[in-house]
Amino acid sequence: MKAAPIDYIEFKSTDLKKTKVFYNELFGWTFTDYGPTYTSFSESGVAGGFELTNRPIVNGVLIVLYYENLVEIREKVKSAGGTITKEIFEFPGGKRFHFTDPSGNELAIWSE
């Protein structure tokens, strides 16, 4: 299996409606809602989405990698010195987990 490519970029949003209007008017991005707290965007050059939050946005971008075998790559993350911050969970379209690298940067890895 080849290296895990960057597959998705996820931002936080304190107001999804304003966020969608902003990026649509500015760049022409289109959106698909997945319930009241999440929207994905397209027509941006890379796949991504916005997750609604009521917390202050400190690290507003989540880089999401793709890897076919989540259990295998989760173990590699831990062996390499990463810390699992969210165990594997399901979402519409697949499963993923979150981790931080040794410097504290948070990333996620997903699979179908």
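Helices (H or I, at least four residues) and strands (E, at least two) are DSSP runs, numbered from the N terminus. Two strands pair if DSSP finds at least two bridges between them. The model is predicted: local features need pLDDT of at least 70, side-chain atom pairs count only at pLDDT 80 or more, and totals for chains, interfaces and linings use all residues. Residues are numbered from 1 along each chain as its sequence is written, and side-chain values use heavy atoms, with hydrogens and water left out.

Strand 4 (residues 48-52) runs parallel to strand 1 (residues 6-13), with five bridges between them. Here S13 faces L52 of strand 4. Strand 4 also pairs with strand 3 (residues 38-42), antiparallel, over four bridges. In that pairing Y38 is opposite E51. Five residues separate strands 3 and 4 in their hairpin, where E43 has a positive phi near 65 degrees.

Aromatic contacts follow. Rings of Phe, Tyr and Trp (its six-membered ring) pair if their centres lie within 6.5 Å; planes under 30 degrees apart are stacked, over 60 edge-to-face, the rest tilted. There are 13 aromatic pairs in the structure. F11 and F50 are stacked, because their ring centres lie 5.2 Å apart and their planes meet at 20 degrees. F11 belongs to strand 1 and F50 to strand 4, so this pair ties together parts 39 residues apart in sequence. One aromatic cluster comprises F11, F22, Y23, F27, W29, F31, F41 and F50.

Buried means under 20% relative accessible area, exposed over 50%, and partly exposed in between (1.4 Å probe, protein chains only). F50 is buried at 2%, whereas F11 is partly exposed at 22%.
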